[in-house]
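Subject: Structure handover

Hello,

Here is the structure you asked to take over. Please open it first, then read my notes alongside.

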Amino acid sequence: MKKKNLSFLLIFVALWAGLIFWNLITPEQEFSQSENRYLATFPKFSMETLLDGEYMNAVDTWLNDQFAGRPFWVSSQSMIDYSVGKRELNDVYIGKGALLGDMALPDDSRTQENIDGITVFAQKYGLPCTVALVPSAATVQPQNMPTFAVGWDEIAYIEQVYGALPPGITGADLYKILLEHHEEYIYYRSDHHWTSYGAYLAYTKLASALGLTPASMIDCRASLVSDHFYGTYHSKTGFPLIKADSMYVFQHGSAVGYSVFNGKSWTDYNSIYFDSFLQVKDQYSYFLGQVQPYAVIQTASQTGRKLVVFKDSYAHSLLPLLLDDYSEICIVDLRYTNQTMQELDDILHFAGYDAALFLYSTDVFSHQPVTSKLALDLDETHADPGFETAAATTTLAEIVYIPRNANAQPAAVLSQTAAVIDVVRIEPQCSRRARAPSAIGYARSQARKLC
């Protein structure tokens, strides 16, 4: 017995010694391709950070991030969790053949601020404005959700937002056509974005809202660019049993120039597609490159029309479908700039555009300060005393959130009302308390930057 115990102890010590040696000889990694994020570096020492515990917390984070063979251990842990019945890892559901996001309840005050910003923009420039909110796969494809998984009803949220928009601003109901095609490959299995086919379906609805005639799928020249795409949800979980996604490009028209502002300077490109990203984990950045504050696409179209798009990354695979309809498309990602609307206007000259599109996922619009920034320069010292926004007198009504039934058909989801059983009314202050810490942290960090 003593010999067996000694043998076990020696094996255990040898394994730990091997791991320690492996970590010592493994160079520090700056970026993780498998997780698509920057890793922690060794923290700088100071007595202040040591005494308040910040230094040791940073060392712990560094050890976790730099542990040798980290991708293997992350993947192994996800498989262990899955094998014991766990179906949610890092706010991602492991569904039926797909990974889906577990989204925090919407922030009603943040939503109202974003509506106010759109209203201010529309009234200041007088442009035809279209708002297009995109629901997540968890709402459109509930058949892929794990059994007993519940969430809030994004369809009711979208309709509530559209109902709060002032007259003259159009809400594009993209969700209807997505629900009609819920059994098809319209969202990636491993990523939070829609597929290019899902973007095409949404484009056919959006085109009508913009007063355009949508092109047929044959005319959009679909082509495969990758058959081994693993997206954001795969990066967050490391779950290995999800089939790789295929990534296509749907394009109507062509771009002749692409100028991108990265926060410091403008750079000109001859294409809106970046082949280099197909060789790394972040393949979705093949569309338009990595997110930047703003960019301008010059197209071969002779229409003379110009469109400004306020967006998140959902727009990246859809915008190539609009190239034939506009001679110029200006893209603004308000998540990556703290400039006021006036400061942006001094550079981009919004009055020179023919229409404005606000395209966001429900997750971003309900949690992040995006279009709310368009109203930042309208304070008491700058606003015209006689200028009153319609949204200033419009309050976002209380939203009815309905827990999703994983087995419900989307057609039933579309027709759900407050009369349906299991309806849960969430007061605005309750939804704020239920927000994810990451959303709260993001809002606070943005507020500090703006002060």
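Let me begin with a histidine. Leaving out residues up to four places away in sequence, His181 touches Ile186, Tyr197 and Leu201. His181 sits in the loop between helix H8 (174-180) and helix H9 (196-209). Its side chain also makes a polar contact with the side chain of Glu184, at 2.7 Å. Keep in mind throughout that this is a predicted model.

**Overall numbers**

The protein chain has 451 residues, and 49% of them are buried. Its secondary structure comes to 15 helices and 17 strands. The accessible surface is about 21800 Å², with 57% of it belonging to carbon and sulfur atoms.

**The eight-stranded sheet**

Eight strands form an open sheet with mixed pairing. The order is S7-S6-S15-S13-S14-S12-S10-S11. Strand S7 (169-171) and strand S11 (266-269) stand at the edges. Each has a single partner strand, so one side of each is left without a neighbour in the sheet. From one strand to the next, the twist averages 20°.

Helix H11 (residues 341-348) packs on this sheet. H11 touches S11, S12 and S14, and its direction makes about 30° with that of S12.

Two pairings in this sheet can be given in detail. Strand S12 (residues 294-299) and strand S14 (residues 328-332) run antiparallel and are joined by five bridges. Tyr294 has Val332 in S14 as its bridge partner. Strand S10 (residues 255-261) pairs with S11, also in the antiparallel sense, over four bridges. S10 and S11 form a hairpin with four residues between them. In the turn, Gly263 has a positive phi of about 105°.

**The three-stranded sheet**

There is also an open sheet of three strands, in the order S3-S4-S5, with antiparallel pairing. Strand S3 (88-89) and strand S5 (99-101) are the edge strands, each pairing on one side only. Two bridges link S3 to strand S4 (residues 92-94). The bridge partner of Glu88 in S4 is Tyr93.

**Lys236**

Lys236 is found in helix H10 (residues 232-237). What does it contact beyond its neighbours within four places in sequence? Lys236 is in contact with Asn90, Asp91 and Val92. Val92 falls within S4, which spans residues 92-94. Lys236 has a relative accessible area of 40%, so it counts as partly exposed. Lys236 and Ser190 are 46 residues apart in sequence, yet 9.8 Å apart in space, C-alpha to C-alpha.

**Helix H7**

Is helix H7 (residues 154-164) mostly covered or mostly open? H7 is mostly covered, with eight of its eleven residues buried. The buried residues are Glu154, Ile155, Ala156, Tyr157, Ile158, Val161, Tyr162 and Ala164. Asp153 caps the N-terminal end of H7. A side-chain oxygen of Asp153 lies 3.1 Å from the backbone nitrogen of Ile155.

Two residues belong here. Leu288 has a phi near 70°, a positive value in a residue other than glycine. Leu288 lies in the loop between S11 and S12. Its relative accessibility is 5%, so Leu288 counts as buried. His349 is not a glycine either, and has a positive phi of about 55°. His349 is placed in the loop between H11 and strand S15 (355-361).

**Cysteines**

How many disulfides does a search of the whole structure find? The search finds zero. Cys220 has 0% relative accessibility, so it counts as buried. Cys330 is buried as well, with a relative accessible area of 0%.

Send questions back whenever you like.

Best regards

Note on methods:
Residues numbered from 1 in each chain as written. Predicted model: local features only at pLDDT ≥ 70, side-chain atom pairs only at ≥ 80, totals over all residues. Heavy atoms only, no water. Disulfide = S-S within 2.5 Å. Buried < 20%, exposed > 50% of the residue type's maximum accessible area, 1.4 Å probe, protein only. Contact = heavy atoms within 4.5 Å. Pairing = 2+ DSSP bridges. Axes fitted to C-alpha atoms, helices over the stretch in contact; angles between N-to-C directions. Areas by Shrake-Rupley, 256 points an atom, 1.4 Å probe, with all protein chains shown as cover. Polar contact = N/O pair within 3.5 Å; in protein donor to acceptor, adjacent residues only side chain to side chain.
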